[in-house]
Amino acid sequence: MKKIILGALIVVVAVLALTCPSKEAHKEKIKATITSMVDDEINERVEDPTVAKIASIGSVFAGQLTGTVLDSKLEVKNYFLFSVGKIHFQGEDRTISFGIFNQVKTFDKEDVKNVVNSYIDSKKKQK
């Protein structure tokens, strides 16, 4: 019985190790979350559908800008069985994603929105 439990444990650890998400997977999931958040904000704030379609082009640029920022600011630590994405923001490291079994989870859109808004506010204060 002990051999079966040990064998199953070895298989689970091997599967976890082989399916640990990469930095690129974290980056893509975070970009998708931010792009979705921008789209939601556009749809919520813009009443004219034509203007909303034009404004949605901004979400494409937001995704590209986000990708550029994440290339330099995102740090993904691989803990062999899972990975954690962190970003240095306002003097501290913040965990923004968690990956396991080839899946990356990010904070919900409200949390991302709060981080983005506080970043924008801090940039305004610097001017």
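Trainee: Two strands pair if DSSP finds at least two bridges between them, so in the hairpin of β3 and β4, how many residues are there between the strands?

Mentor: The hairpin of β3 and β4 has 2 residues between the strands, and F101 takes a positive phi near 50° there. Before going on: this is a predicted model, in which local features need pLDDT of at least 70, side-chain atom pairs count only at pLDDT 80 or more, and totals for chains, interfaces and linings use all residues. Residues are numbered from 1 along each chain as its sequence is written, and side-chain values use heavy atoms, with hydrogens and water left out.

Trainee: Fine. What elements does the chain have?

Mentor: The protein chain has 5 helices and 4 strands. Helices (H or I, at least four residues) and strands (E, at least two) are DSSP runs, numbered from the N terminus. The order from the N terminus is α-α-α-α-β-β-β-β-α.

Trainee: Back to the strands. How many bridges join β3 to β4?

Mentor: There are 4 bridges between β3 and β4 (residues 103–106), and these strands run antiparallel.

Trainee: Is F80 buried or exposed?

Mentor: Buried means under 20% relative accessible area, exposed over 50%, and partly exposed in between (1.4 Å probe, protein chains only). F80 has a relative accessible area of 52%, so F80 is exposed. F101 is at 43% and therefore counts as partly exposed.

Trainee: You mentioned S97. Where does S97 lie?

Mentor: S97 is in strand β3 (residues 92–100). S97 counts as buried because its relative accessibility is 3%. Its side chain makes a polar contact with the side chain of H26 at 2.6 Å. A polar contact is a pair of N or O atoms within 3.5 Å; within protein, one must be able to donate a hydrogen and the other to accept it, and residues adjacent in sequence count only if both atoms are side-chain atoms.

Trainee: What else does S97 touch?

Mentor: Contact means heavy atoms within 4.5 Å. Not counting residues up to four places away in sequence, S97 touches H26, I30, S83, V84, G85, V104, K105 and T106.

Trainee: New topic. Which residues make the nonpolar surface patch?

Mentor: L6, L9, I10, V13 and F80 make that patch, of about 480 Å². Patches are made of residues with over 30% relative accessible area and no salt bridge, with like charges joined within 9 Å and nonpolar side chains (Val, Leu, Ile, Met, Phe, Trp, Tyr) within 5 Å. Accessible areas come from the Shrake-Rupley method with a 1.4 Å probe, and for residues only the protein chains shown count as cover. I10 belongs to helix α1 (residues 2–18), and at 52% relative accessibility I10 counts as exposed.

Trainee: How many salt bridges are there?

Mentor: A salt bridge is a side-chain nitrogen of Lys or Arg within 4 Å of a carboxyl oxygen of Asp or Glu. By this rule there are 2 salt bridges. In one, the closest N and O atoms of E28 and K31 are 3.9 Å apart. E28 and K31 both lie in helix α2, 3 residues apart, about one turn of the helix. E75 bridges to K77 at 3.8 Å between the closest N and O atoms.

Technical notes. Pairing = 2+ DSSP bridges.
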